[in-house]
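Here are a few friendly notes to read alongside the model.

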Amino acid sequence: MRPPSTFVISLTPFTSDGRLDEEGLRGHLRRLAGSGIGVYLGGSGSGEGYTLSRDEARRVLEIGVEELRGHVPVRAMGVEPRTAAEMIDLGRLAADVGVDAMQVYSLDQGHGNRPRPDELERYFCDVLDAVKVPVILSSHQAAGYYLPADLIGRLLDR
């Protein structure tokens, strides 16, 4: 498997009565696998991550592993967490299901609040100490701040 240079956040299809459309998801993922694009699952945007129950999120990841493993990288994405415990829970689920890696979002304290530098570092240390799958750190404007380069350096040094 050649590592892709492009990744996409997969959509999560639902049936007309609001249930996870497993066959629709399988077909969509097969198409992505055939294109050679790496896939993130269960994200907060097009992946409908905020609408998924924990059981549905697990099922999305399980189907992703079944359809994508050996073809393209499959990664858990999840949603922006308010606590380290939320991200650690996704990490446990990701490890249990067997994805290749997971995204670790920046901490989102809501209502425009931003964590202090020491709180942000503690959050990432707690998550990285508990998660047993490879991680991709996320930093984007939706959280209201970007990860400081010196923090990323310290995390890498750990």
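1. His111 sits in the loop between β4 and α4 (117-130); helices (H or I, at least four residues) and strands (E, at least two) are DSSP runs, numbered from the N terminus. Its phi is near 50 degrees, a positive value in a residue other than glycine. Most residues other than glycine have a negative phi. His111 is exposed, with a relative accessible area of 82% (exposed is over 50%, with a 1.4 Å probe and protein chains only).

2. Please keep in mind that this is a predicted model, where local features need pLDDT of at least 70, side-chain atom pairs count only at pLDDT 80 or more, and totals for chains, interfaces and linings use all residues. Residues are numbered from 1 along each chain as its sequence is written, and side-chain values use heavy atoms, leaving out hydrogens and water.

3. The open sheet has 5 strands in the order β1-β2-β3-β4-β5, with parallel pairing (two strands pair if DSSP finds at least two bridges between them). At its edges are β1 (7-9) and β5 (135-137), each pairing on one side only. Within the sheet, 2 bridges join β3 (residues 74-76) to β4 (residues 101-104), and Arg75 stands opposite Ala101 in β4.

4. Which residues line the largest cavity? They are Glu80, Tyr105, Ser106, Ser138, Ser139, His140 and Ala143. A cavity is a set of points on a 1 Å grid over the protein atoms alone where a 1.4 Å probe fits but cannot get out, and lining residues have an atom within 4 Å of a point.

Methods:
1 Å grid on protein atoms, 1.4 Å probe; cavity = no way out; pocket = protein on both sides within 12 Å on 5 of 7 lines; lining within 4 Å. Buried < 20%, exposed > 50% of the residue type's maximum accessible area, 1.4 Å probe, protein only.
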